[in-house]
Amino acid sequence: MKTLAEITTWLKTSDHIKTILVEIENVAIGSGQSATFYLSNRPFVTAASDTPSSISYDPCLVGGVSFSETLSLDSSISLGYGDLELDNTGGAKDAWINYIWVNKPVKIYIGDPRWTRADFRLVFSGLISDISSRSRESLNLILVDKLQRLNNPISETVLSSAALGSDTLIPVVFGECFNVSPLVVSSATLTYQVHTGAIEDIIEVRDNGAPVSFTKDLTDGKFTLNQAPFGQITASVQGAKRGVNYYNTIPNIILDIVKNYGPTNTRLIDSDIDLTNFNTFNTVYPHPVGVYSTNRENILDVCNQLAASIGAQLTFSSLGLLKLVKIYYYSGVTYNISPEDIDLDSLQIQEKSVVRAATKIGYCKNWTVQDSGLAAGINPSSLALFNTEYLYSTDIVSINVLDYKLTVEPVAEDTLLITQAGAEWAADDRNALFGIPRTVYTVSGAAHLLPVELGDGVTLVNPRFGLSSGKLGAIISINRDWIMGKVEIGVLT
């Protein structure tokens, strides 16, 4: 496979011939049969030495092969989407409407018809959402990124108990969580459960807020009271343990969840993940967190809550690898975008961010708020912990209070961080990003910018809008059309 640098250089040449190869695996075509589809925008046959060998691609791609993806400025979930338009003149492919395309793996490669198949570079690895038709003469395969594989319940393990009912889910817990409500496994034996498997520790068990004696069963995520309960039982725990490893940092917990939870056939494996990226984030952002789930919460939602706690987001690279992206965290400048790299007069201002004067971070979540019924004699300082959902840390940008006439009482941003130090860092980090004016510029780029990735660093140079000396920024949106050789890029500076 050509390197990124080689592809970029090739796309800058005047005689390059863009050839798009699409491979879709295991499409159900009826009668228990499935097939792999090989599509292209021009005739192409693989060499005998290629893998797959001597395959003739169906040159049915017309119109465009497009895909759009975005990073949200508030770290909310943003799924990529796209489209493959296929020629269906005269209904030649009408039968395809009845094939099962949903959730089938699709890979898209770019290259030159004069190359071998091995030289083509992977530019997209995702899933087919479904097939549709926007006209009588065409079909459309709808693309989604592989984040869709995480759009499943984190757990569906139920407690086998006639008394509680077969639909009672066993909780799952990751990292360290304060004051969770455990599941009653057996009232007769005073047994409770906080996780579907092994956990690191049960720090303390309380009855109406007062510590009580208990026996741990860390192998099964359970504990047993040594006396009958008087009121509400809660516990502070350190959660999921895999082998000898207990994780309480965001990258490690996300890896554990996407590889070991949810439906078996949608779980990720190491080859689906940019492990270098996760290792780097684990070193740079070691802040401890905790999350407790008692219902069919979505894996993507849980992982996004974790990532958002440090201002990051989950996305898949063009090579189909899960990675964490954090706006304005990158090593060096990846691209220089000058007037010669974009269409004439395509540079525009899309929006300006709202400057903030303060950030308030919620941390150390109390998973069971108890504002009444607590045992007598509890220390007053502890009472505040039990009847408040979050502790808060606020960081103020004093100059902005004066210059922008802004309030120092912002809306709280609740996180899964558990320490004051982590919350103080998060508040300062958000102020560093949005405590100064930020501008989102959009440009229509030439073909050699097709390989850009979300989160890549750029220096944007242009005679307009104060960019004559260049401004450092990060790519937050990409809209590509591989056949047309066009890309629209959004850059936050």
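A residue is called buried here when its relative accessible area is under 20%, exposed when that area is over 50%, and partly exposed in between, with a 1.4 Å probe and protein chains only. By this definition Val 173, at 0% relative accessibility, counts as buried. The model is a predicted one: local features need pLDDT of at least 70, side-chain atom pairs count only at pLDDT 80 or more, and totals for chains, interfaces and linings use all residues. Residues are numbered from 1 along each chain as its sequence is written, and side-chain values use heavy atoms, with hydrogens and water left out.

**Overall composition**

- The protein has seven helices and 30 strands; these are DSSP runs numbered from the N terminus, with helices being H or I of at least four residues and strands being E of at least two.
- Of the 493 residues in the protein, 51% are buried.
- The C-alpha atoms fill a box of roughly 80 × 70 × 40 Å along the principal axes.
- A contact means heavy atoms within 4.5 Å. Among contacts with a separation of 6 or more, 69% are between residues 24 or more positions apart.

**Surroundings of Val 173**

- Val 173 belongs to strand 10 (residues 172-180).
- Leaving out residues up to four places away in sequence, Val 173 touches Val 194, His 195, Ile 199, Val 237, Gly 239, Ala 240, Val 291 and Tyr 292.
- The C-alpha atom of Val 173 is separated by 19 Å from that of Gly 362, which is 189 residues apart from Val 173 along the chain.

- An open sheet of four strands has the order 11-12-16-15, with antiparallel pairing.
- Strand 11 (183-186) and strand 15 (214-217) are the edge strands, and each pairs on one side only.
- On average, neighbouring strands of this sheet are turned by 30° against each other, direction ignored. Axes are lines fitted to C-alpha atoms, for helices over the stretch in contact, and angles run from 0 to 180 degrees between N-to-C directions.
- Three bridges hold the antiparallel pairing of strand 11 and strand 12, and Val 184 has Tyr 192 in strand 12 as its bridge partner.
- The hairpin of strand 11 and strand 12 has four residues between the strands, and Leu 190 takes a positive phi near 60° in this hairpin.
- Strand 15 and strand 16 (residues 222-225) run antiparallel and are joined by four bridges; Thr 215 has Thr 224 in strand 16 as its bridge partner.

**Aromatic pairs and charges over rings**

- Rings of Phe, Tyr and Trp (its six-membered ring) pair if their centres lie within 6.5 Å; planes under 30 degrees apart count as stacked, over 60 as edge-to-face and the rest as tilted. This rule gives 21 aromatic pairs.
- The rings of Tyr 192 and Phe 223 have centres 5.3 Å apart and planes at 10°, so this pair is stacked.
- Tyr 192 in strand 12 (residues 191-193) and Phe 223 in strand 16 are 31 residues apart, and their pair links distant parts of the chain.
- Tyr 192 is buried at a relative accessible area of 7%, and Phe 223 is buried at 1% relative accessibility.
- One aromatic cluster is formed by Trp 10, Tyr 38, Phe 44, Tyr 57, Trp 115 and Phe 120.
- A charge sits over a ring if NZ of Lys or CZ of Arg is within 6 Å of the ring centre and within 35 degrees of the ring normal.
- Lys 2 lies over the face of Trp 115, at 4.9 Å from the ring centre.
- Lys 365 has its charged end over the ring of Trp 367, 4.0 Å from the centre.

- Three strands form an open sheet in the order 25-24-26, with mixed pairing.
- Strand 25 (391-396) and strand 26 (413-414) each have a single partner strand, so one side of each is left without a neighbour in the sheet.
- Strand 24 (residues 358-363) and strand 26 run parallel, joined by two bridges, and Ile 361 stands opposite Glu 413 in strand 26.
- Helix 7 (residues 420-434) packs on this sheet and touches strand 24, strand 25 and strand 26; the direction of helix 7 makes about 150° with that of strand 24.

**Helix 2 and helix 3**

- Helix 2 (residues 250-260) packs with helix 3 (residues 275-284) at an angle of about 140°, their axes being 8 Å apart.
- Pro 251, Asn 252, Ile 254 and Leu 255 of helix 2 meet Leu 275, Phe 278, Phe 281 and Asn 282 of helix 3.

How values were computed:
Two strands pair if DSSP finds at least two bridges between them.
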